[in-house]
Amino acid sequence: MRLSVARGGTTLFAPVTARSLILGIETSCDETAAAVVADGHVVLSNVVHSQIELHARWRGVVPEVASRSHTERIVPIVAQALEQANVRPEDLAGVAVTHRPGMVGCLLVGLSAAKALCWRYDLPLIGVDHVQAHVHTGFLADPQMPLPALALVASGGHTALWLVKAPTVTERLGTTRDDAAGEALDKGAALLGLPYPGGPSIQNAAKGGDPRAFDLPRTMLGADSLDFSFSGLKTALLYTLRPQQGPTDAPPPTGDRLRDLACSYQEAVVDVLVAKLARAAERCAPKSLCIGGGVAKNLRLRERLQQHPILSRLHLVLPDLSLCADNGAMIASLGFELLQQGHRSPLDLDAIATPRSGGKAPGRPKAERP
Ligand code: KG4
Ligand code: ZN
């Protein structure tokens with residue numbers, strides 16, 4: 001079989017090897033990542049360079065700093081992914097790359113690298129939507145995942161529920177109206193004086209705490225909604241820490257109080273995610289449930305899904321933690337599927353800030369002044 005790729009009006013051809021090897025490149029936010037995946041689900045390499053340390057002092061991603069770092073890292077990271085997989089560029093069946101949504105200056109770095117490789121080696125370019133790649137992680141973790149599946153994507157920039165009808169056919173059931181779940185954890189951690197990123201900090205600080213010690217709100221947006229809202233929770237935490245009549249410069253909590261606050265806050269976020277999943281499961285009768293995005297690494301969320309009377313009866317796909325946060329393997333996996341279906345992107349493919357389905361602009365919370 002030969003695959004065609006349109007390039008400036010001409011059609012070129014690239015052979016597909018017996019084992020369909022896809023290079024996936026991801027630079028939409030603060031991870032420079034590349035991976036080689038065979039046949040859509042065999043991960044041969046998955047290299048991720050995180051910029052967390054670069055951005056920690058601002059408690060959010062600084063776009064210009066992020067894109068500069070991607071520029072420095074992209075060539076060695078791609079080379080490392082190919083080397084670890086023991087694959088030459090000419091062995092590839094295609095290069096998949098995140099081209100939306102994300103910070104445009106960041107997306108452009110991965111996109112330029114992918115285009116250069118495709119041009120040099122006559123390979124098909126496959127532009128991938130980052131959020132859809134998180135949804136697709138379910139297939140990467142379990143290619144036999146029974147359909148339809150319910151998918152939760154929860155990260156620093158996105159929180160949405162999807163109904164997965166086929167590997168590339170998804171319907172958005174609900175999304176956040178304000179903060180993403182990861183953003184709520186990042187901002188909550190800042191209020192508690194815990195380091196960035198907030199999700200893992202809160203998870204650690206919550207160990208041994210009482211999840212009911214503080215009465216924090218669970219915003220459900222009415223009886224039918226599958227949308228999310230986390231901004232009220234963050235405000236409730238702020239007023240728990242600094243009552244309106246109290247001093248504005250109260251020191252951050254410590255000891256048992258910190259542990260219980262972190263635990264109660266994490267529980268409130270998890271409660272909402274689980275309740276909305278249960279609501280969606282009742283409505284759509286899925287056979288499976290999969291989760292993706294950085295918040296999907298949360299151990300309390302995983303535990304609650306495994307214990308839930310309705311959700312635990314579904315075919316649960318809880319991917320390896322390395323596949324939840326941003327990575328190139330999920331991009332390669334969805335790229336494989338799209339290539340199989342005949343999708344190709346032109347070499348003048350644009351970087352686009354918004355997700356395929358519209359909605360909230362992407363990215364982690366805006367960086368704060370140091
Ligand atoms: O998917 P991701 O790596 O990047 C994007 O935002 O696209 O997700 C990062 C988010 C951050 O908000 C971080 O606090 C959260 O995922 N996170 C977690 C955990 N690890 C990372 N949230 C809860 N529990 C965790 N263990
Ligand atoms: Zn992501």
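User: How many residues of helix H6 (residues 198–205) are buried?

Analyst: Six of its eight, so H6 is mostly covered (buried: under 20% relative accessible area, 1.4 Å probe, protein chains only). Helices are DSSP runs of H or I, at least four residues, and strands are E runs of at least two, numbered from the N terminus. The buried residues are Gly198, Gly199, Ser201, Ile202, Gln203 and Ala205. Note that this is a predicted model: local features need pLDDT of at least 70, side-chain atom pairs pLDDT 80 or more, while totals for chains, interfaces and linings use all residues. Residues are numbered from 1 along each chain, chains are lettered from A and ligands numbered from 1 as written, and side-chain values use heavy atoms without hydrogens or water.

User: What covers the buried residues of H6?

Analyst: The cover includes helices H5 (181–192), H8 (255–284) and H9 (299–307).

User: Which residues are the protein donors of the zinc ion (ligand 2)?

Analyst: Donors are N, O and S atoms within 2.8 Å of the metal (3.2 Å for Na, K and Ca); water is not among the atoms, so sites may look incomplete. Here they are His130 (NE2), His134 (NE2) and Asp326 (OD), 2.1 to 2.2 Å from the zinc ion. Their sequence spacing is H-x3-H-x191-D. His134 sits in helix H4 (residues 130–141) and Asp326 in the loop between H10 (321–324) and H11 (328–340), so this pair ties together parts 192 residues apart in sequence. Both His134 and Asp326 are buried.

User: Where is Arg100?

Analyst: Arg100 belongs to strand E6 (residues 94–100). Contact means heavy atoms within 4.5 Å. Among the residues that Arg100 touches are Asp129, His130 and Thr354.

Notes. Buried means under 20% relative accessible area, exposed over 50%, partly exposed in between (1.4 Å probe, protein chains only). Lists of a residue's contacts leave out its neighbours within four places in sequence.
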